[in-house]
Amino acid sequence: MRWTTVVALVGLAAAVCAAEGKQRTFKFSKDDLGKVPTGWKAEKTGKGAGSVWKVVADDTAPSKTGFVLAQTAKSPAGVFNICVADDTKYNDVELSVSFKAIAGESDQGGGFVWRYQDHNNYYICRMNPLEDNYRVYKVVAGKRTQLGAKEGLKAKTGEWHKLKVEVKGNKMEGYLDGDKMWEITDDTYKDAGKVGLWSKADAQTHFDQFKAEG
């Protein structure tokens, strides 16, 4: 192998590592109004119509941009609505987002996906204002299993709240509005994966200030 080839491969590896580890702040703008934002992909777990994501105007957006990413469909009960940042790849990661529950009769709110391998295999945590709880799950071959939870929480519909999750190795910690709510360990997914946002069934939710840091 030529020296120039070795140098090129080393440079490529360094670039990949930098891409995996860098901090990302995802901004939603008027340029993507009414559609899935550039660089994102809408997916779903389960059968049935749903998982309709698009940028919408919201004057209350904490980022002050006036635009947010929204899940707008009234999906069936068995559908998980997912929107992933398609060019991301993280293993250890800290995720944060501001969310506002808009509507939903069976479910509300939402949260994150991480170490996302595909639409049937990933970790997820979410806050549900209807159930007053903040839970963390793994989804394996499309089946969701609860790993931990904090019950008895309040996050009113129509108000902005902030979620955060810290992931390091097999340890994961969840926060709501700056307070730690749960801590779990799990070894199901060890490989890096995409990150993104999630809601269930008819949970129509606005998301803003989504950040990822490896």
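Y90 is buried, with a relative accessible area of 1% (buried means under 20%, exposed over 50%, partly exposed in between, for a 1.4 Å probe and protein chains only). The structure is a predicted model, in which local features need pLDDT of at least 70 and side-chain atom pairs count only at pLDDT 80 or more, while totals for chains, interfaces and linings use all residues. Residues are numbered from 1 along each chain as its sequence is written, and side-chain values use heavy atoms, without hydrogens and water.

**Surroundings of Y90**
- Y90 lies in the loop between β5 (80–85) and β6; strands are DSSP runs (E, at least two residues), numbered from the N terminus.
- The backbone oxygen of K22 is reached by the side chain of Y90 at 2.8 Å.

**Nonpolar cores**
- F112 and W114 touch the most other members of the largest nonpolar core, which has 37 residues (a set of buried Ala, Val, Leu, Ile, Met, Phe, Trp, Tyr and Cys residues joined through side-chain atoms within 4.5 Å).
- Strand β6 (residues 93–103) supplies the largest share of this core, four residues.
- A separate second core of ten residues includes V84, Y122, I124 and V139.

**Sheet**
- β5 and β14 (residues 194–200) run antiparallel and are joined by five bridges.
- V84 stands opposite G196 in β14.

Note on methods. Polar contact = N/O pair within 3.5 Å; in protein donor to acceptor, adjacent residues only side chain to side chain. Pairing = 2+ DSSP bridges.
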